[in-house]
Amino acid sequence: PRVSTAQKAQEQEVDATQKVKELRQRLEECQGKLASQGEEMDDMRDTLGGLEGERDYYFQKLRQVEILCTTLQAQFDCEQAPQDPTLTPQKLVKDIQAILYAADDGQECAPSTQ
């Protein structure tokens, strides 16, 4: 049995309609996935911003402790400079704690040197 030209055209039209329907469904799935991934990227950016802020905060604390230590080391190494009679281990610990526990209000925390 031969298939007529009209019947072939009808079958092709049904196939094309089915393919269009499948492609539209796939497009909707991809658009949903894209929206979901966009939200995930926004969350990751927020998390990254927070982590960078924490890194900078603790780096600044470390830098302040380093400056304190370098200053004290320079005072110890300089034979001509008078030694600070108030410098005790307790005072050094207190100065470091002042740096570590200072509020993050944008002001630098200057350790006491007297």
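Visitor: Is L68 buried or exposed?

Guide: This is a predicted model, where local features need pLDDT of at least 70, side-chain atom pairs count only at pLDDT 80 or more, and totals for chains, interfaces and linings use all residues. Residues are numbered from 1 along each chain as its sequence is written, and side-chain values use heavy atoms, without hydrogens and water. Buried means under 20% relative accessible area, exposed over 50%, and partly exposed in between (1.4 Å probe, protein chains only). L68 has 5% relative accessibility, so L68 counts as buried.

Visitor: How far apart in space are L68 and L92, C-alpha to C-alpha?

Guide: L68 lies in helix α1. Helices are DSSP runs (H or I, at least four residues), numbered from the N terminus. In sequence, L68 and L92 are 24 residues apart; in space, their C-alpha atoms are separated by 9.1 Å.

Visitor: Which kind of pair do the rings of Y57 and Y58 form?

Guide: The structure holds 1 aromatic pair. Rings of Phe, Tyr and Trp (its six-membered ring) pair if their centres lie within 6.5 Å; planes under 30 degrees apart count as stacked, over 60 as edge-to-face and the rest as tilted. For Y57 and Y58 the centres are 5.0 Å apart and the planes stand at 85°, so the pair is edge-to-face.

Visitor: What is the relative accessible area of Y57, and what is that of Y58?

Guide: Y57 is partly exposed, at 23%. Y58 is exposed, and its value is 53%.

Visitor: Is D46 buried or exposed?

Guide: D46 belongs to helix α1, residues 5-77. Its relative accessible area is 58%, so D46 is exposed.

Conventions:
Helices (H or I, at least four residues) and strands (E, at least two) are DSSP runs, numbered from the N terminus.
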